Amino acid sequence: MAMLTCLISLPFALSLKVYSYFECREKRTDPTKSRKVKYDKTVFYGLQYILNKYLKGKVVTPEKIQEAKEVYREHFQDDVFNEKGWTYILEKYDGHLPIEIKAVPEGSVIPRGNVLFTVESTDPECYWLTNWVETILVQIWYPITVATNSREQKKILAKYLQETSGNLEGLAYKLHDFGYRGVSSQETAGIGASAHLVNFKGTDTVAGIGVIKKYYGTKDPVPGFSVPAAEHSTITAWGKDHEKDAFEHIIKQFPNVPVSIVSDSYDIYNACEKIWGEDLRSLIVARSADAPLVIRPDSGNPLDTVLKVLEILGKKFPPVENSKGYKVLPPYIRVIQGDGVDINTLQEIVEGMKQHKWSIENISFGSGGALLQKLTRDLLNCSFKCSYVVTNGLGVNVFKDPVADPNKRSKKGRLSLHRTQSGDFVTLEEGKGDLEQYGVDLLHTVFLNGKIVKTYTFDEVRDNAQLKEKNVCEVQ
């Protein structure tokens with residue numbers, strides 16, 4: 001961190017402890033208003049990255065204290081900077097943060113309204129530190145939201161793939177990350193892409209691979225994959241009259257691996273019918289199932305374009321009927337829809353394909369801004385609130401309960417997360433989880449006094465987030 005931010009002390013100077021928690025609040029909506037996607041459960045992911053990059057080790061230095069002191073004197077036009085508190089941390093803890101963070105395992109799929117992690121000070125002199133870390137910790141909303149949104153799309157794809165093919169083969173590659181250039185920063189790209197890879201294995205945002213390898217680790221050399229792919233300049237640079245030559249050149253360059261070729265530079269339907277279906281047909285049918293041509297439309301109404309492309313290709317490359325009664329193109333040719341894809345259009349496309357008796361085996365999807373950027377903290381109502389303090393030697397359960405918005409009522413006291421005998425999650429408030437009958441607390445200490453004490457590999461994250469049969473049945 002360039003400087004020590006958010007440095008105004010809490011008002012109760014005699015406090016000995018501040019305890020706060022993070023949750024994705026349960027949204028109580030008007031029953032008369034239907035939402036296409038409810039996001040009832042969230043995927044917990046990204047805390048390990050934040051702890052490693054921003055909070056572990058010697059966070060406080062003399063240089064940072066001096067810089068913050070100068071900046072905040074000018075910024076607030078007053079001496080609000082807690083120099084004494086930061087100097088205490090520097091001298092007693094060598095700049096390490098005296099806080100404890102407990103959290104659910106990364107990759108856990110938890111219903112909204114439950115505690116996901118807690119933060120508390122471990123030194124009475126540093127009670128104010130708990131909510132100093134709020135801002136950086138709440139930024140976990142982003143990887144949680146990307147991973148959750150991605151997993152909901154995986155549920156949709158799994159449902160329709162199962163219904164139209166009878167199996168889930170290839171599911172991990174059905175939604176490809178096209179979002180690198182559509183995000184706000186290099187760091188956003190890395191975090192968001194890694195969150196998507198919790199659920200899928202296809203990505204063009206290679207920054208996510210670096211984040212995973214550095215902060216989580218995998219048993220495999222890389223956690224995500226891609227294929228050679230053309231983009232518009234590699235086609236249009238040949239000129240409109242030589243589109244066929246561009247296609248032929250690229251497909252010959254990659255005879256033994258899947259190759260994706262954008263085909264809408266001029267006329268996607270002519271490209272499918274005339275160029276691919278006639279002029280270059282012999283090159284396509286000679287390819288193997290392990291090295292198909294993947295045709296990419298990139299404009300027009302997504303559903304209409306996909307259906308028309310499949311119809312044209314079906315006439316030129318006759319499909320077979322699978323065991324479920326749906327049409328499947330020959331294995332040497334497939335389609336990827338990468339334009340206008342979000343969770344709603346994805347649902348519309350696969351439903352439209354099903355109605356027209358096309359199997360989801362024929363298609364994969366690419367998503368960019370909607371996958372990594374067109375998201376906010378409000379989507380899952382991510383919130384960090386103080387719920388317990390010790391002041392003047394007395395422990396007090398605290399909460400907020402705004403009269404104008406019951407959704408923002410916060411939890412009281414020390415919290416714990418448990419599984420009931422039926423397998424449901426329940427958050428216990430006011431320290432009730434300390435009673436033995438509730439069983440083990442699912443919150444584990446991951447950070448203590450500047451050190452990360454528990455970590456998860458990315459393989460463990462994926463295992464925790466994996467879809468089960470009942471998850472597929474949840475899709476309406």
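1. A word on terms before the first pair of strands: two strands count as paired here if DSSP finds at least two bridges between them. Please also keep in mind that this is a predicted model. With that in hand, look at L175, which stands opposite F365 in strand 12. Strand 12 covers residues 363-367, and strand 6 pairs with it in the parallel sense over 3 bridges.

2. What is the order of its strands? The sheet is open, has 5 strands, and runs 6-12-11-8-7 with parallel pairing. Strand 6 (175-177) and strand 7 (259-262) are at the edges; each has a single partner strand, so one side of each is left without a neighbour in the sheet. From one strand to the next, the twist averages 30°.

3. R181 is found in the loop between strand 6 and helix 7. The UniProt record, an unreviewed entry, annotates R181, H232 and R296 as "binding site". In the model, R181, H232 and R296 are part of the lining of the largest pocket.

4. Helix 7 (residues 186-196) has a packing partner in helix 6 (residues 141-165): the axes are 8 Å apart, at an angle of about 40°. The crossing of helix 6 past helix 7 is right-handed. Helix 6 brings Y142, P143, V146, A147 and S150 to the contact, while helix 7 brings T188, I191, G192, A195 and H196. Sorted by class, this contact has 6 nonpolar and 4 polar residues, and no charged ones.

5. The axes of helix 13 (residues 302-316) and helix 14 (residues 343-355) come within 9 Å of each other and cross at roughly 35°. Here too, helix 13 passes helix 14 in a right-handed crossing. On the helix 13 side you will find P302, L303, V306, L307 and L310, and on the helix 14 side E348, I349, G352 and M353. What classes of residue make up this contact? There are 7 nonpolar, 1 polar and 1 charged.

6. For an antiparallel example, go to strand 15 (residues 416-419) and strand 16 (residues 425-428), which are joined by 4 bridges. R419 stands opposite F425 in strand 16. This hairpin has 5 residues between the strands, and G423 takes a positive phi near 95°.

7. Last, a loop residue. Where does P105 lie? P105 is in the loop between strand 3 (99-103) and strand 4 (109-111). Leaving aside residues up to four places away in sequence, P105 touches F44, L442, H444, Y456 and N464. F81 is 24 residues from P105 along the chain, and the C-alpha atoms of F81 and P105 are separated by 35 Å.

How values were computed: Residues numbered from 1 in each chain as written. Predicted model: local features only at pLDDT ≥ 70, side-chain atom pairs only at ≥ 80, totals over all residues. Heavy atoms only, no water. Axes fitted to C-alpha atoms, helices over the stretch in contact; angles between N-to-C directions. Helix = DSSP H or I, 4+ residues; strand = E, 2+ residues; numbered from the N terminus. Left-handed = near helix turned anticlockwise from the far one by under 90°. Contact = heavy atoms within 4.5 Å. Nonpolar A, V, L, I, M, F, W, Y, C, P; charged D, E, K, R; others polar. UniProt positions renumbered as here; feature names shortened; annotations may be inferred. 1 Å grid on protein atoms, 1.4 Å probe; cavity = no way out; pocket = protein on both sides within 12 Å on 5 of 7 lines; lining within 4 Å.
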